[in-house]
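Biologist: I am new to this structure. Could you show me how to read its charged contacts and its surface?

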Amino acid sequence: LRGLRTLPLLMKQCGDNALKIAQWLENRPEVQKVYYPGLRNNPHHAMWKKYYRGANGLLSFLLKPAAKKAVAAFCDGLEYFPIGSSWGGYESLLQPQYLKSARTAVPWEEKGMLLRIHVGLEDVDDLIADLEAGFKRYNKAK
C-alpha cells in the first residue's frame, strides 16, 4: 500500500522514459516496428491520446529477421534489462516473445523476434546505452 502514494510519479517517469526509448528504437536499422501508443505513427495513437493522459513503461519492438544466436547475443549481455515479466515495477525488464506458437485467436504473421520491455526508473541514457551495446552484439552475431 505504501507504493500507491508514489504511483503517479512512477507511472509518469516510466512513461517518459519509455517514450524516449520508443522514439530511439524507431530509428534503429535493426528494428522493423515499435509498438507503443505514445508514438505519433502508431495506428492507435489518436485513440490513445483521446482517452489517456499518459502511458506506462511497457512497449514492444520487432527485430528484423536474424538468427536466434543474434537475438540471444542481444538479450544475454544486457545489464539493465534482465529477463522478467513483472511489469509495472521500478526496474526495467525484458522478455522475448515467441508469438507464432503462442497466439491462437489471431495468427502472428510477422517475421523477426518480438521483444517486450518494461522501462523502469533507471537513467534513460543508461538504458539506451545498454540497448545500444545489445544491438552491437546482435549485429556481430548475425
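Biologist: Which residue forms a salt bridge with Arg 28, with the closest N and O atoms 2.9 Å apart?

Modeller: Bear in mind that this is a predicted model. Now the general idea: side chains of opposite charge can pair when their charged atoms come close. Here, the partner of Arg 28 at 2.9 Å is Glu 30.

Biologist: Is Glu 30 buried or exposed?

Modeller: Buried means under 20% relative accessible area. Glu 30 has 4%, so Glu 30 is buried. Arg 28 is buried too, because its relative accessible area is 13%.

Biologist: Which residue in helix 5 pairs with Arg 28?

Modeller: Glu 132 does. The side chains of Arg 28 and Glu 132 meet in a salt bridge, 2.7 Å from N to O. Arg 28 sits in the loop between helix 1 and strand 1, while Glu 132 belongs to helix 5, residues 124-141. The two are 104 residues apart in sequence, so their pairing ties those parts together. Glu 132 is partly exposed, with a relative accessible area of 26%.

Biologist: Which residues make up the network of salt bridges?

Modeller: Arg 28, Glu 30 and Glu 132 are linked in that network.

Biologist: How many salt bridges does the structure hold?

Modeller: It holds four salt bridges. One of them joins the side chains of Glu 110 and Lys 33, at 3.2 Å from N to O.

Biologist: Where do Glu 110 and Lys 33 lie?

Modeller: Glu 110 lies in the loop between helix 4 (99-102) and strand 4 (114-118), and Lys 33 lies in strand 1. They are 77 residues apart in sequence, so this pair also ties parts of the chain together. Glu 110 counts as partly exposed at 26% relative accessibility. Lys 33 counts as partly exposed at 34%.

Biologist: Now the surface. Which residues make the nonpolar surface patch of about 430 Å²?

Modeller: To join such a patch, a residue needs over 30% relative accessible area. The patch here is made by Leu 1, Leu 4, Leu 7 and Met 11.

Biologist: What is the relative accessible area of Leu 7?

Modeller: Its value is 35%, so Leu 7 is partly exposed. Leu 7 is found in helix 1, which covers residues 7-26.

Technical notes: Residues are numbered from 1 along each chain as its sequence is written. This is a predicted model: local features need pLDDT of at least 70, side-chain atom pairs count only at pLDDT 80 or more; totals for chains, interfaces and linings use all residues. Side-chain values use heavy atoms; hydrogens and water are left out. Patches are made of residues with over 30% relative accessible area and no salt bridge: like charges are joined within 9 Å, nonpolar side chains (Val, Leu, Ile, Met, Phe, Trp, Tyr) within 5 Å. Accessible areas come from the Shrake-Rupley method with a 1.4 Å probe; for residues, only the protein chains shown count as cover. Helices (H or I, at least four residues) and strands (E, at least two) are DSSP runs, numbered from the N terminus. Buried means under 20% relative accessible area, exposed over 50%, partly exposed in between (1.4 Å probe, protein chains only).
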